[in-house]
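Subject: Structure for you to look at

Hello,

Please find the structure below, for you to open alongside this message. My notes come after it.

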Amino acid sequence: MSIAMPAPDQATLAKRDRIIAAMRAIVPGEGVIVDEAALRPWESDGLTAYRQPPMLVVLPETVEQVSAVLRWCHGEGVRVVPRGSGTSLSGGALPLADAVLLGMGKFKRVLDIDYEDRVAVVQPGVTNLAITQAVEGRGLYYAPDPSSQIACSIGGNVAENSGGVHCLKYGLTTNNVLGVELVLMDGEIVRLGGRHLDPGGLDLLGVIVGSEGLLGVVTEVTVRILPKPETARAVLVGFPDAEQAGACVAQVIAEGIIPAGMEMMDQPAIHAAEAFVKVGYPLDVGALLIVEVDGPAAECDHLIEEIARIAGTNGAVTTRVSQDEAERVAFWAGRKAAFPAVGRISPDYYCMDGTIPRRRLPEVLRRMEELSQKYGLGVANVFHAGDGNLHPLILYDANVPGELDRAEEFGNDILRLCVEVGGVLTGEHGVGIEKRDLMPEMFTEADLKQQQRVKCAFDPALLLNPGKVFPTLHRCAELGRMHVHHGALPHPELPRF
Amino acid sequence: MLEPRDAQDLRQIVADAASQGRKLELRGGGTRAGFGAPREVEVVSLRQIAGVVDYDPAELVLTVRPGTPLADVQALVAGQGQMLAFEPWGDADATIGGTVAASVAGSRRVTAGSARDHLLGLTAISGRGESFVAGAKVVKNVTGYDLPKLMAGSWGRLGAMIELTLKVLPRPRVTATMLATGLPPRAAHAAMACALGSNAEVSAAAHLSTGETLLRVAGFAPSVEARCMALPALMAGHCPLQRLTEEEAAPLWQRAMTGAELQGSVRWKVHLPPARAPELLERLAPLGAGWAMDWGGGLVWVTLDDPGTQVRDAAAALGGEATLIAAPQDMRATVPALQPRAAGVMALEQRVRRAFDPAGVFATGRFMEDADADQLSA
């Protein structure tokens, strides 16, 4: 609980009644929530260690209402925190005591599906999985598949640039979104992109995706939908240790294969998952790989053979190829249940999300084990092996005084380690509040200021989702200043042509 | 023309220009120098800031300096059985920095993404003369704003990239092309939509005004063979298909991807929802336009001898946009290169440009969108 949020603005708190009245004038009926008990369910997102009831919740139903809410709050200097389904694992939707929590859950309609050009236009509150469900009757699907896909909203996916187990082959949200309608903090409604590829002008859509709700509120999303692969097959491979599993992953890619999914679990994760779902994972291996290929049957058959061969040359001790769809699903059941499975062996766990260059994996796992001993906390690892995205699960008990703080410190050390070996703080969960104060590990002050100047172009009063992503809030006027260089001659020494 | 030898030279040049209120145009190989409005401005060539910084095939990551020739980069990754999946193309002088800054992508773009989708990270010098890093050197990262997306396709209007980290992918072992002939545009679009929407995993689809419709199938040999066998049945309602050799197919793809063989003094590149491409051609046919379709219809090259803006108007009416790629000087002096966006978006873009370049060092007038830039003080 070491992360501080911006101090509540007393003047805002003092005018809460007036804010409520203004919001009710914009969003009639039950769309404005103000009672203390009714605010309680909104106090946290997927990062449940942090809780803060919002000043009030507003649930608009139209883009005009979103615009009016933001315009009014902008005029009055009131902060706003946007929220999709509240599944963020980084605290991106954590409320503030002096802010309006703008819930987009009522934007639930699929607006249009163009089957010929394979595009769907949806409102931001539509869940990730609901997009696939809307089009699967025609053999299509929406590719990014974060593990929270039954609950998480596409608007939240846009904010977080969500990935999933298939993103090495199919990309993150940003690679699958064509356009958005967006409301800026001053209430202005803009449309970025459309239904076509590569619009001219600056790629503002590209910076909106993954901006963690700091630049605008998305009110409509246009995504590409893809033909569902004809078949999918998976192979389950056990290795004595992670080093050999990592070598296998490297060779799969070196031989030109980009699997649809390639997941690794370490021994604690294997045991936890097997105890929970009993799918027949080998328990005597140090690392387990699930490699899935999809596409035409002929391709899957060929690649599965190739992968089994590569696994054999890298010391695999068990290799099981899925013989039917039920077995393929069973292979995944353990992996997909890894988080709740770990939840069974530990009162609480804290999920990390760094990415590393894959070849550094053995070293990172070794040093993580040292950290585990230093902090006296266990760790189980699941790993998107194809793209180097680690999900260490730190085991702790929040009821033991000091353990949460130790778990956070342990987590911070893991992320520092990821950066040290050439990786990043977050591969798919976002910075939010969770990794905010670690940003200087990866970026210099100059790097962060340049990012914040982009924020200033969208929200110069810094009212939208403050306290997230950036460890230091600089006023925009300060960021805009330039140091002027006097008197220097323009490079007489340089060759000119 | 200034030719800084390294990032430090370049940083100083930009900082001086910013403090002295001068303009600079960043240039790679200069192969697209004729793009945009005529302008008199000092050019900074990045060609000497060249070379490979790091290439790690196993990690699918390549870091290069901007002046590295595109052909060298492609040869380097091809040597490891890899590719830049967005299929960039250009003249012999084209550089990797210029290619990314101009967002050049080939036929595979429709399924593999564009330059923006493969630019993982960068180091750049902003219009403030300050060096900054954004993104990272790993394939999966969401830490901080995705500034690489902004820099790709920005035509050097935000800053100078001095290091680019690109995602590389395995090159398909086998590439095959299936050909249909004689389809009119509407039927060709329907055939391409069917192919791209099928699970035969067609990776590119193009149609030429001479009647050829091209479908590309790439991957491992057994898979390519199976898909080429399956496609005729999948396409039975549309057209018969024949398989071309790569020697036969390559020049046809080149025509679709670049539009280079089309005649006409005015050249447009239209991006639009693919289903609207036939209607675009119906509108432009009476004007005697030359054309070629790529990306399943999502990209249409159009050439004319007419300096009017009918192409842009038609593209806008169909939910797309037209970029003026080449035209006589007097036309380029009056018609902006990029299709104007809505006023709110233009204003937002201007604010974002100022976030990188407060003095308007890179606001050269090339895009005719910086009318008020000169009034902005540092």
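This is a predicted model: local features need pLDDT of at least 70, side-chain atom pairs count only at pLDDT 80 or more; totals for chains, interfaces and linings use all residues.

Residues are numbered from 1 along each chain as its sequence is written, chains are lettered from A and ligands numbered from 1 in the order in which they are written, and side-chain values use heavy atoms, with hydrogens and water left out.

Chains A and B: 97 residues of chain A are in contact with 88 residues of chain B (contact means heavy atoms within 4.5 Å). The area buried between them is about 7,700 Å², with 57% from carbon and sulfur atoms; buried area is the accessible area (1.4 Å probe) that two parts lose on being put together, summed over both. Lys140(B), Val142(B) and Tyr145(B) supply 12% of what chain B buries there, more than any other three residues. Eight salt bridges cross the interface (a side-chain nitrogen of Lys or Arg within 4 Å of a carboxyl oxygen of Asp or Glu). One of them joins Asp203(A) to Arg116(B), at 2.8 Å from N to O.

Domains 1 and 3 of chain A: the assignment, which is automatic or from a database, puts domain 1 at 110-227 and domain 3 at 346-436. Their C-alpha centres lie 29 Å apart. Seven residues of domain 1 and eight of domain 3 make the contact. The buried area is about 550 Å², and the count of salt bridges is zero.

Regards
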